[in-house]
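Subject: The structure, and some notes to go with it

Hello,

Here is the structure I promised to pass on. Please open it beside this email, and my notes follow just below.

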Amino acid sequence: LDQLPLPDLLQLFGSSKKTGCLFITTPGGTEGRIYLREGRVYGSVINGNFSIPVDKSFYRMITWKSGTFLLDTMATYEFENPINETVESMLMEAMRIIDEMDAIGDDVPSYDAIFRIIIKEEPKLSDLTKDQLDIFQLALVEPSMEFILNSSKLSDDIETTKAVTHLVRNKYMEIA
């Protein structure tokens with residue numbers, strides 16, 4: 001993905017009407033799969049967690065900047081709630097998400113990040129918003145970005161990432 005970014009790769013597969021599964025593995029070992037049928041995205045999954053909505057998994061993967069990929073033209077999967085979107089329409093939304101994530105800053109924790117909770121008098125937990133406190137509680141349960149994103153009740157990954165980044169920047173927790 002360092003040499004050929006995922007959006008470019010998907011555009012190629014979309015315009016050439018490819019069918020199969022694009023397997024992506026990050027340097028941290030996270031595995032993603034994007035399923036295509038005649039150049040249209042119909043499903044996606046990260047680390048075999050099929051409980052995450054397919055569009056959410058797709059938009060998370062599109063932000064990955066490094067890793068390896070393989071297209072298996074024989075692989076298929078039948079999703080309970082498939083999507084049937086053109087690569088182009090999904091990439092338009094993905095570009096908006098990437099822009100919003102980039103606006104958060106360069107210190108956004110990666111999907112593979114593991115956190116260490118910092119317990120001290122300052123800053124006070126009472127200074128956190130309700131949403132930030134909910135995210136902090138998730139980090140107490142399982143201090144991984146993947147778990148927090150999967151378990152967050154916030155409207156989307158952007159809002160969750162903003163809350164996590166706030167907690168790291170303000171020394172409530174740090175990347176281990």
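Let me begin with L128, which counts as buried because its relative accessibility is 9%, and the cut-off for buried is under 20%. Please keep in mind throughout that this is a predicted model. You will find L128 in the loop between β6 (115–117) and α4. Apart from residues within four places in sequence, L128 is in contact with L133, F136, H166, L167 and Y172. For a sense of scale, the C-alpha atoms of L128 and Y35 are 39 Å apart in space, and 93 residues separate the two in sequence.

Two of those partners, F136 and H166, turn up again where α4 meets α6. Two packed helices are described by the angle between their axes and the distance between the axes. For helix α4 (residues 130–141) and helix α6 (residues 157–169), the axes come within 9 Å and cross at roughly 80°. Angles of 65 to 115 degrees count as roughly perpendicular, and α4 and α6 are therefore roughly perpendicular to each other. On the α4 side the contact is made by Q132, I135 and F136, and on the α6 side by T160, A163, V164, H166 and L167. By type, the residues of this contact are five nonpolar, three polar and no charged.

Helix α6 also packs with helix α3 (residues 87–104): the two axes come within 10 Å and cross at roughly 15°. That angle is under 35 degrees, so α3 and α6 are roughly parallel to each other. The crossing of α3 past α6 is right-handed. Here R96, I97, E100, M101 and I104 in α3 meet D157, I158, T161, K162, T165 and R169 in α6. The residues of this contact divide into four nonpolar, two polar and five charged.

Is T165 buried or exposed? T165, which lies in helix α6, is buried, with a relative accessible area of 1%. Not counting residues up to four places away in sequence, T165 touches I104, D107, V108 and P109.

Next, the core. The largest nonpolar core has 52 residues, and those with the most contacts inside it are L6, L10, I34 and F58. Helix α3 gives the most to this core, with eight residues. If you click on F58 and set aside its neighbours within four places in sequence, you will see that F58 is in contact with L10, I34, V41, S44, M90 and L91.

Finally, some backbone details. Most residues other than glycine have a negative phi, and most peptide bonds are trans. Here are the places to check against that:

- E122 and P123 are joined by a cis peptide bond, with omega about -5°; P123 sits in the loop between β6 and α4.
- K17 is not a glycine, yet has a positive phi of about 55°. K17 is in the loop between α1 (6–15) and β1 (20–25) and is exposed, with a relative accessible area of 56%.
- K171 is not a glycine either, and has a positive phi of about 65°. K171 is in the loop between α6 and β7 (173–175) and is partly exposed, at 47% relative accessible area.

Best wishes

Notes. Residues are numbered from 1 along each chain as its sequence is written. This is a predicted model: local features need pLDDT of at least 70, side-chain atom pairs count only at pLDDT 80 or more; totals for chains, interfaces and linings use all residues. Side-chain values use heavy atoms; hydrogens and water are left out. Axes are lines fitted to C-alpha atoms, for helices over the stretch in contact, and angles run from 0 to 180 degrees between N-to-C directions. Helices (H or I, at least four residues) and strands (E, at least two) are DSSP runs, numbered from the N terminus. Angles under 35 degrees count as roughly parallel, over 145 as roughly antiparallel, 65 to 115 as roughly perpendicular and the rest as oblique. Contact means heavy atoms within 4.5 Å. Ala, Val, Leu, Ile, Met, Phe, Trp, Tyr, Cys and Pro count as nonpolar, Asp, Glu, Lys and Arg as charged, and the others, Gly among them, as polar. A crossing is left-handed if the near helix is turned anticlockwise from the far one by less than a right angle, and right-handed if clockwise. A nonpolar core is a set of buried Ala, Val, Leu, Ile, Met, Phe, Trp, Tyr and Cys residues joined through side-chain atoms within 4.5 Å. Buried means under 20% relative accessible area, exposed over 50%, partly exposed in between (1.4 Å probe, protein chains only).
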